[in-house]
Amino acid sequence: MSSGAVASMFWVDAELGSDIYLDGIVTVVDSKYGLKHLAEEKAGGLINEATRQVALADLIIINKTDLVPEEDLSQLRTAIRYRIMNGSINGLGKILETQRSRVDLSNVLDLHAFDGLSGISLQKKLQYVSATQPHLDQNIITVTFEAPGNAKEESLNVFIQNLLWEKNVRNKDGHCMEVIRLKGLVSIKDRAQQVIVQGVHELYDLEETPVSWDDDAQRTNRLVFIGKNLDKDVLKQLFMATVTETGKQRTTHSKEGQVCP
Ligand SMILES: Nc1nc2c(ncn2[C@@H]2O[C@H](COP(=O)(O)OP(=O)(O)OP(=O)(O)O)[C@@H](O)[C@H]2O)c(=O)[nH]1
């Protein structure tokens with residue numbers, strides 16, 4: 001089972017009030033085979049599992065560093081950084097290097113990547129991502145944008161569900177957008193508090209933070225999407241429709257009845 005699917009299970013569990021909650025996603029990369037797995041090409045241009053797991057991670061552990069020469073390790077580091085720079089919500093996702101996966105637990109636990117607390121620093125993270133986005137990789141990319149206004153909760157749900165569930169949103173070339181993860185700070189109409197939106201694969205959640213908007217007139221939504229075939233203009237245009245309440249949610253880029261693979 002992929003890490004995203006496992007993460008989704010724990011996330012749902014947390015909502016049921018269990019003692020288990022999703023703190024963050026840690027991906028362990030094997031020094032010896034990591035590079036090979038990251039480079040693997042999948043039929044139909046789909047994102048390979050190793051890249052998907054690295055892009056999803058809040059923390060990456062490169063393990064078995066004793067098994068490879070420094071040269072190989074350096075190549076692997078570059079390959080991972082390249083994927084996180086393009087794919088991570090955290091801008092520069094944290095990387096640890098280990099032998100026998102020995103880590104200081106304080107580096108692994110209490111990541112709080114999925115709870116409201118992370119929202120406080122989210123603004124900084126989002127700014128960092130947009131400032132450093134290199135746009136080198138046409139495979140998995142990060143798209144970020146800001147938009148002023150208040151989203152109607154119902155319209156926001158339709159926007160997210162079209163992306164994650166219906167998968168009917170296409171880029172300008174007609175390719176289906178594939179969102180692996182999304183994160184954002186959004187303003188919902190008639191709510192004083194800031195709301196965090198988190199999505200992993202097909203699961204998403206809107207969570208109110210303890211932070212209130214300073215100035216009602218100047219609420220700025222900030223969103224980050226990680227995935228394939230993402231088009232900033234199309235995403236922003238669709239999101240803007242949720243804040244301007246035009247009632248028209250679909251664009252010419254989504255084709256009725258045609259679900260992406
Ligand atoms: N040399 C070396 N061996 C290690 C290290 N970490 C784990 N191993 C050994 O590698 C073997 C396989 O362990 P892992 O790769 O951790 O096992 P795993 O994650 O269940 O296996 P995969 O999912 O197939 O990668 C075991 O014999 C471990 O003792 C390390 O840092 N260095």
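The expected span of a helix is taken as 1.5 Å times one less than its number of residues. In the predicted model described here, helix α7, which runs over residues 232–244, has 13 residues and reaches 18 Å from its first C-alpha to its last, close to the 18 Å expected. The buried residues of this helix are Val-234, Leu-235, Leu-238, Phe-239, Thr-242 and Val-243. In an α-helix there are 3.6 residues a turn, so residues three or four places apart point the same way. The elements that cover the buried residues of α7 include strand β4 (140–148), helix α6 (153–166) and strand β8 (220–228).

Helix α3, which spans residues 49–56, is mostly covered, since seven of its eight residues are buried; these are Ala-50, Thr-51, Arg-52, Gln-53, Val-54, Ala-55 and Leu-56. Ala-55 counts as buried because 26 other C-beta atoms lie within 10 Å, where the cut-off for a buried residue is 20 or more. Although Ala-55 and Thr-142 are 87 residues apart in sequence, their C-alpha atoms are 9.8 Å apart in space.

An open sheet of three strands, with parallel pairing, has the order β1-β2-β3. Its edge strands are β1 (26–30) and β3 (94–97), each of which pairs on one side only, and the twist from one strand to the next averages 20°. The parallel pairing of β1 with strand β2, which covers residues 59–63, extends over five bridges, and in this pair Val-28 stands opposite Ile-61 of β2.

A further set of strands pairs in the antiparallel sense. Strand β5 (residues 178–186) pairs in this way with β6 over six bridges, and Val-186 has Val-195 of β6 as its bridge partner. These two strands form a hairpin with six residues between them, and in the turn Asp-190 has a positive phi of about 70°. Strand β6 also pairs in the antiparallel sense with strand β7 (residues 203–212), here over seven bridges, with Glu-208 of β7 as the bridge partner of Val-195. In the hairpin of β6 and β7 there are two residues between the strands, and His-201 takes a positive phi near 55°. Seven of the eight residues of β6 (residues 193–200) are buried, so this strand is largely enclosed by the rest of the structure.

The ligand, finally, is surrounded by Asp-30, Asn-63, Lys-64, Asp-66, Leu-67, Gln-99, Arg-100 and Ser-101. By class, this shell has four charged, three polar and one nonpolar residue.

Definitions and conventions: Residues numbered from 1 in each chain as written. Predicted model: local features only at pLDDT ≥ 70, side-chain atom pairs only at ≥ 80, totals over all residues. Near = placed C-beta within 6 Å. Nonpolar A, V, L, I, M, F, W, Y, C, P; charged D, E, K, R; others polar. Pairing = 2+ DSSP bridges. Helix = DSSP H or I, 4+ residues; strand = E, 2+ residues; numbered from the N terminus. Axes fitted to C-alpha atoms, helices over the stretch in contact; angles between N-to-C directions. Buried ≥ 20, exposed ≤ 12 C-beta atoms within 10 Å, placed from the backbone. Contact = placed C-beta atoms within 7 Å.
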